[in-house]
Amino acid sequence: MTEPVPAAEAAVEFDRVFLRLGGRDVLRDISFRLIQGETAVLLGRSGAGKSSALRLVNRLLLPDSGTVRVGDRATSQWDPIRLRRGIGYVIQQIGLFPHHTVASNITLVPRLLGWEKARRESRAAELLRLVGLPPEEFAERYPRQLSGGQQQRVGVARALAADPPILLCDEPFGALDPISRRDLQREFRELTSRLAKAVLFVTHDVREALLLGDRILVLEEGRLAFSGSRAEFESSSTSEVRALRDDES
Ligand SMILES: Nc1ncnc2c1ncn2[C@@H]1O[C@H](COP(=O)(O)OP(=O)(O)O)[C@@H](O)[C@H]1O
Ligand SMILES: [Mg+2]
């Protein structure tokens, strides 16, 4: 008899993770789990280790000790290319290819996966509508013909192109003007609640964290100083949580 395969509980799990870079302890004893359909925000000051934590998930980094699990196995056991196909990654410097159209930028991964042209085109149109850019108007434009906010929308569409179960976002709206940022935050929240992805979202902005996070994880100098719901964050007396809240008000 074979053992029943246990249902994958966590989409992403950090289990006692330590990371050193350039002789510094960047992450110290980090443990948490992210389940499908949940948005967790990693909140902390600059240098707290947020971006490094995300890079552990798509295996741009490997932990020095402990385990980062994605799906059913440790990142060290994943082929990095296959792992990354299941993970959308949105960063601040979105890095659209300037000589490719918006549609072509969005369907980068589907092209690598060998999707036929018709399927890619309909997927690009679907995603453009999803992020609020009418495809008739935007599909054939080039990145330089877009505002910063529109470029970030294309970045989100590109990350979602092959429908990955996991989405990593590293301060994706950080460089936008306040009004575009508020619009994108609201739309992003609606989008992720509809798509049921596991989302790990990095920010240093408390308001953004409270708007987007089902759960908030506070990193302080590489340690997990707090993990809890929005309500728990707002009433927590943990010193780093209080400091972040005070900076905000
Ligand atoms: N490749 C690296 N080599 C050495 N130190 C690094 C490297 N990458 C990041 N660090 C250091 O690790 C710490 C955390 O960086 P990072 O994860 O980028 O923080 P955050 O995203 O929270 O601002 C910082 O002190 C940073 O200088
Ligand atoms: Mg960072």
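## Ligand shell

Ala, Val, Leu, Ile, Met, Phe, Trp, Tyr, Cys and Pro count as nonpolar, Asp, Glu, Lys and Arg as charged, and the others, Gly among them, as polar. On this basis, the shell around ligand 1 has three nonpolar, seven polar and two charged residues. The model is predicted: local features need pLDDT of at least 70, side-chain atom pairs count only at pLDDT 80 or more, and totals for chains, interfaces and linings use all residues. Residues are numbered from 1 along each chain as its sequence is written, while chains are lettered from A and ligands numbered from 1 in the order in which they are written.

Among the residues surrounding ligand 1 are Arg24, Val26, Lys50, Ser51 and Ser52 (a residue is near a molecule if its C-beta atom, placed from the backbone, lies within 6 Å of it). Strand 2 (24-34) and helix 1 (50-57) each give two or more residues to this shell; helix 1 provides the largest share, three residues. Helices (H or I, at least four residues) and strands (E, at least two) are DSSP runs, numbered from the N terminus.

Six strands form an open, mixed sheet in the order 6-7-8-3-9-10, where two strands pair if DSSP finds at least two bridges between them. Strand 6 (87-91) and strand 10 (223-229) are the edges, each pairing on one side only.

Strand 9 (residues 215-220) and strand 10 run antiparallel and are joined by six bridges. Leu217 stands opposite Ser227 in strand 10.

## Helices across the sheet

Helix 7 (residues 148-160) lies across strand 6 and strand 7 (166-170), at about 165° to strand 6. Contact requires C-beta atoms, placed from the backbone, within 7 Å; axes are lines fitted to C-alpha atoms, for helices over the stretch in contact, with angles from 0 to 180 degrees between N-to-C directions.

Helix 11 (residues 239-248) lies across strand 3 (39-43), strand 9 and strand 10, running at about 100° to strand 9.

Key: Two residues are in contact if their C-beta atoms, placed from the backbone, lie within 7 Å.
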